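Hi,

Here's the structure I promised to pass on.

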Amino acid sequence: MAMDKELDLSVPSCIHLLSAFLAMEPPDVVISFARECGGDSITEIVQSFIWNHCISKADVKWQGPYLKRFLKKLIVEIESSGGVVLDELYEQYAFYMTSLQDDDVAKENSRVLKRISFLFPDESSGILSCPKSRKLEVQLQCSLNMLEGDTGCSIWPSSLFLSEFILSFPEIFSNKCCFEVGSGVGLVGICLAHVKASKVILSDGNLSTLANMKLNLELNHLRTGTHLLGHHTNCNMVNCVCLPWESASEDELRYFSPDIILGADVVYDPSYLPHLVRVLVVLLKCENSDSEEVQTGSEFDACQRKVTSNATPNAEFSSDPSVKGCVAYIASVVRNIDTLHYFLSLAKQSNLVVTDLTEKVKPFTFLPYVKSYKQSSIRMFRISY
Ligand SMILES: C[S@@+](CC[C@H](N)C(=O)[O-])C[C@H]1O[C@@H](n2cnc3c(N)ncnc32)[C@H](O)[C@@H]1O
């Protein structure tokens with residue numbers, strides 16, 4: 001069906017619709033953006049946009065069951081409000097009905113490919129980490145089973161938060177040796193490489209999570225290795241190491257000697273917390289005086305020139321003069337307050353200095369279309385020795 005008008009892909013509601021679809025946000029969320037695009041109605045022009053930019057470009061191999069669910073909801077939504085559904089959408093849904101079985105959705109450990117778009121505001125925002133395209137798109141293979149790989153094959157909210165944090169305050173991480181504990185799908189590492197950390201070391205204790213993480217790094221054009229010699233490596237190289245907290249030796253940990261440690265949603269299982277705290281203590285005690293001048297690529301340089309002081313969130317929290325040497329940033333959704341208190345008490349017993357930055361750290365909102373995650377639900381701690 002020919003449409004005489006098209007939606008403009010640079011309009012925020014259209015960008016949000018497409019980004020939410022690519023990130024595989026729940027169909028209701030994508031549909032609410034579709035309604036917004038059409039002025040509270042999923043008009044034929046909106047449907048045409050969905051067909052051209054979402055459905056016809058989707059990869060059934062990675063998104064099949066999601067596409068089927070989304071199209072079903074979309075068609076019901078349009079019909080129930082008396083609208084006319086485009087033939088293409090009906091035909092595609094009929095195709096999914098015959099080619100995709102419902103139990104494909106339920107298959108244990110089935111994988112999907114999510115495309116997470118960090119949307120940078122306009123040119124004047126002064127964000128150091130913005131790419132020329134105003135968008136950084138990260139592709140992540142994830143499991144539909146939240147528990148697969150010891151929970152490491154899914155994207156957890158705190159890694160979205162830490163990613164927004166890194167992209168908002170790249171100057172904290174650029175030219176620094178960054179080490180992440182419990183890295184899961186690898187999103188934080190991809191953002192660290194984007195802001196030109198001098199070295200990125202990702203770690204996890206689960207082997208299938210590590211394999212999935214490496215695959216994700218490669219999907220995002222990063223080279224992976226376990227070659228840790230030297231403080232600086234190629235910016236496109238990310239080191240991945242198997243590091244179960246309970247068996248990591250002091251010598252092994254000292255070898256990493258990071259400037260910054262990161263952890264997203266790693267404070268959840270009380271039985272692992274003494275081991276996690278021991279790992280943090282050893283890493284935080286490491287001396288590292290090897291940092292050099294900021295290394296910047298051309299895109300990064302171009303973005304740096306756009307800095308305007310009033311538009312950039314304030315990074316004062318990172319320059320507390322009493323904090324010297326290595327620091328850790330631990331972001332966490334608090335699911336059980338006792339678990340958090342246990343972590344904090346273990347940290348205190350080990351002479352760690354924990355500062356609650358939750359109220360002080362306000363990263364940019366680069367993921368406005370991700371409704372399943374809210375910055376306000378994340379607690380953020382800076383830890384030093
Ligand atoms: C809830 S997931 C968070 C993953 C990722 N940081 C994120 O936010 O998306 C917890 C991660 O910690 C890892 N993990 C849990 N216990 C661990 C342990 N004892 N040693 C090392 N890694 C562990 C898991 O494999 C998993 O990747």
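**The ligand site**

A backbone N or O atom of Trp-156 sits 3.0 Å from an oxygen atom of the ligand, a polar contact in the sense of a pair of N or O atoms within 3.5 Å. Ser-159 has a polar side-chain atom 3.1 Å from a ligand oxygen atom, and an N or O atom in the side chain of Glu-246 lies 2.9 Å from a ligand nitrogen atom. On its own the ligand exposes 580 Å², and the protein buries 98% of that (Shrake-Rupley areas, 1.4 Å probe). In total 23 residues surround the ligand, with Trp-156, Gly-182, Asp-204, Glu-246 and Ala-264 the closest (a residue counts if one of its heavy atoms lies within 4 Å).

Before you go further: this is a predicted model, where local features need pLDDT of at least 70, side-chain atom pairs count only at pLDDT 80 or more, and totals for chains, interfaces and linings use all residues. Residues are numbered from 1 along each chain as its sequence is written, and side-chain values use heavy atoms, with hydrogens and water left out.

**Strand β3**

What about β3 (residues 177-181): buried or exposed? Five of its five residues are buried (under 20% relative accessible area, 1.4 Å probe, protein chains only; strands are DSSP runs of E, at least two residues, and helices H or I, at least four). Cys-177, Phe-179 and Val-181 cover one side, Cys-178 and Glu-180 the other.

β3 pairs in parallel with β4 (residues 199-204) over four bridges (pairing takes at least two DSSP bridges), and Phe-179 stands opposite Ile-201. Four bridges also join β3 to β7 (residues 260-264), again parallel, with Leu-262 as the bridge partner of Glu-180.

Cheers

Definitions and conventions
Buried means under 20% relative accessible area, exposed over 50%, partly exposed in between (1.4 Å probe, protein chains only). A polar contact is a pair of N or O atoms within 3.5 Å; within protein, one must be able to donate a hydrogen and the other to accept it, and residues adjacent in sequence count only if both atoms are side-chain atoms.
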